[in-house]
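Biologist: Hi! Could you walk me through this one while we both have it open?
Modeller: Happy to, let me bring it up.

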Amino acid sequence: QSIQQTTTPSQQKVAATQTKQSSSQIAAEEPQSAGNISFYIATGVFAVLFVIALGITTILVRNNVEIRLGIGLLAILFWYRYLQTKNSYWLLGSGVVTALSGLVSLEVGVATALALLSALSIFGGKKRLKRVGNFFVGGLIIAVPVVLKMMLEGSLLPAIEQLNYYSSVFAAGYFNASIPSTAVSAYYQWSLFDEHLSSQLFGWELAKLGLLLGIFLVVMRVMEKKMFDGRDKLVAVLTLFNLIIFRSALGRSDWYHLLFGLLVSLIILAVVLEKTIGNNKTAIVLGVLLIVFGRTNGLRVHLDNLFLNWQTHGQVHGSVQEYDFERMGVKVDVGVEVYKLNDIVAYLDEKFENGEKVFMFPWMPDLYFFAELRNPTKNDTPYGFFGEKYQKETIADLENNPEAMIVFNPLRSISGFDAARLKLLNKYIMENYEQVDEVEMYKILRRI
């Protein structure tokens with residue numbers, strides 16, 4: 001009572017406010033600590049999902065999907081950091097990485113450039129031209145030296161011609177395979193449920209789900225006439241990127257090109273779920289999806305080997321093999337017939353000097369690197385779709401290098417197309433060269 005009598009009404013109001021704030025702070029501590037625990041759980045789940053995703057991309061053969069796709073996604077990440085910080089260096093870096101992406105994987109580079117240029121044009125505001133300019137400057141930092149070098153070597157126009165021809169052939173359906181689709185029936189056959197989950201069908205359906213969710217979110221934002229926040233813009237760019245890169249999956253509808261669209265769809269799915277149901281539930285949903293998806297293509301077996309190699313540094317006796325020659329720095333699983341490649345590389349090292357011209361026929365560009373040899377023709381990999389023009393170019397190059405020998409592997413094929421597919425070139429070699437030696441399945445030929 002004495003305290004109340006000696007304080008003014010304004011002082012009493014300040015004291016009451018401070019007491020209320022203290023109570024609110026105490027009440028907020030428990031949810032905050034609970035939120036920290038949830039954050040750590042979600043982080044742990046996402047770490048596990050990352051390992052599973054890594055396993056998905058590296059089964060059967062190493063196709064470098066992570067590198068080819070990852071560089072394009074890194075450029076998009078730099079652009080997203082620019083949105084958050086407004087620091088133009090991130091935008092410059094995005095242009096640099098986009099150009100690098102195009103040098104590593106043309107299809108990913110094109111998809112990245114188109115997606116980011118569209119984003120800068122649509123979301124750029126009044127300074128869109130300046131932002132597009134910054135992005136272009138970053139790209140030119142990488143592109144200009146490469147283009148100048150190709151111009152000096154006279155390879156720029158042939159490279160553009162080859163890229164155009166190569167792209168048009170794949171767009172026409174070369175290397176295509178049938179895409180699995182859900183069978184339509186009068187009733188659902190539960191006996192096939194497990195079969196669907198353990199096949200590529202689930203991967204295609206999951207890829208389409210992520211893509212459709214991204215399109216749905218963007219369309220809804222446009223129809224509602226709402227401002228796009230940072231996450232909305234990210235979904236829009238990833239969806240456009242995925243739409244373009246999915247053309248690659250449709251042009252070469254195998255497992256590895258499906259991963260280009262599928263992995264981006266998983267990212268879109270994660271962002272959309274995070275916006276709608278929160279981080280923790282998103283981790284659970286993605287965990288269930290990826291664990292189920294983990295049944296596809298024997299992922300469990302691959303993960304078992306992956307964890308074993310991590311624990312033992314890959315040194316378990318009999319678990320891995322190495323090649324004998326210096327320029328092969330990888331280890332392979334048991335069952336790979338390493339002796340065949342060892343034998344041919346040892347033979348080439350013994351018979352030919354470094355830099356000597358030898359033609360590998362039909363498709364063995366790796367031998368040029370392993371044996372440090374030069375190709376006497378302009379075509380390292382004469383695919384089965386090469387028409388008469390490119391076959392005649394290769395024949396002309398062989399005519400100009402009559403001393404060059406040929407390493408011929410009649411068993412070598414790509415997508416079922418063997419050397420006989422190249423009718424002109426194969427006929428020329430068979431009529432003008434004779435066999436002088438043989439190593440495993442490789443025949444060593446010289447001009448008659």
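Modeller: One term before we start: buried means under 20% relative accessible area. Also, keep in mind that this is a predicted model.

Biologist: In what sense do E3 and E4 pair?
Modeller: E3 and strand E4 (residues 405–408) pair in the parallel sense, over 4 bridges. Within that pair, Phe359 stands opposite Ile406 in E4.

Biologist: What kind of peptide bond joins Phe361 and Pro362?
Modeller: A cis one, with omega about 5°. As background, most peptide bonds are trans. Pro362 itself is in the loop between E3 and helix H15 (365–370).

Biologist: Staying with backbone angles, what is phi of Glu372?
Modeller: Phi of Glu372 is near 55°, which is positive in a residue other than glycine. Glu372 belongs to the loop between H15 and helix H16 (388–400). Its relative accessible area is 36%, so Glu372 is partly exposed.

Biologist: What about Lys86, what is its phi?
Modeller: Lys86 has a positive phi too, about 60°, although Lys86 is not a glycine. Lys86 is found in the loop between helix H3 (65–85) and H4.

Biologist: Why does Lys86 count as exposed?
Modeller: Because the relative accessibility of Lys86 is 52%, and the cut-off for exposed is over 50%.

Biologist: OK, new topic: helix packing. How do H4 and H5 cross?
Modeller: The axes of H4 and helix H5 (residues 106–123) come within 6 Å and cross at roughly 150°. H4 and H5 are therefore roughly antiparallel to each other, and the crossing is left-handed.

Biologist: Which residues make that contact?
Modeller: H4 brings Leu91, Ser94, Thr98, Ser101, Gly102 and Val104. From H5 come Leu106, Val108, Gly109, Thr112, Ala113, Leu116 and Leu120. Sorted by class, the contact of H4 with H5 has 7 nonpolar, 6 polar and no charged residues.

Biologist: How do H4 and H6 cross, then?
Modeller: The axes of helix H4 (residues 88–104) and helix H6 (residues 128–153) come within 7 Å, and the crossing is at roughly 40°. That makes H4 oblique to H6. The crossing of H4 and H6 is right-handed.

Biologist: Which residues meet there?
Modeller: On the H4 side, they include Leu91, Leu92, Gly95, Val96 and Ala99. Among their counterparts in H6 are Arg131, Phe135, Gly138, Ile142 and Val146.

Biologist: And how do the residues of that contact divide by class?
Modeller: The contact of H4 with H6 has 11 nonpolar, 7 polar and 1 charged.

Biologist: Great, that's what I was after. Thanks!

Definitions and conventions
Residues are numbered from 1 along each chain as its sequence is written. This is a predicted model: local features need pLDDT of at least 70, side-chain atom pairs count only at pLDDT 80 or more; totals for chains, interfaces and linings use all residues. Side-chain values use heavy atoms; hydrogens and water are left out. Axes are lines fitted to C-alpha atoms, for helices over the stretch in contact, and angles run from 0 to 180 degrees between N-to-C directions. Helices (H or I, at least four residues) and strands (E, at least two) are DSSP runs, numbered from the N terminus. Angles under 35 degrees count as roughly parallel, over 145 as roughly antiparallel, 65 to 115 as roughly perpendicular and the rest as oblique. A crossing is left-handed if the near helix is turned anticlockwise from the far one by less than a right angle, and right-handed if clockwise. Contact means heavy atoms within 4.5 Å. Ala, Val, Leu, Ile, Met, Phe, Trp, Tyr, Cys and Pro count as nonpolar, Asp, Glu, Lys and Arg as charged, and the others, Gly among them, as polar. Two strands pair if DSSP finds at least two bridges between them. Buried means under 20% relative accessible area, exposed over 50%, partly exposed in between (1.4 Å probe, protein chains only).
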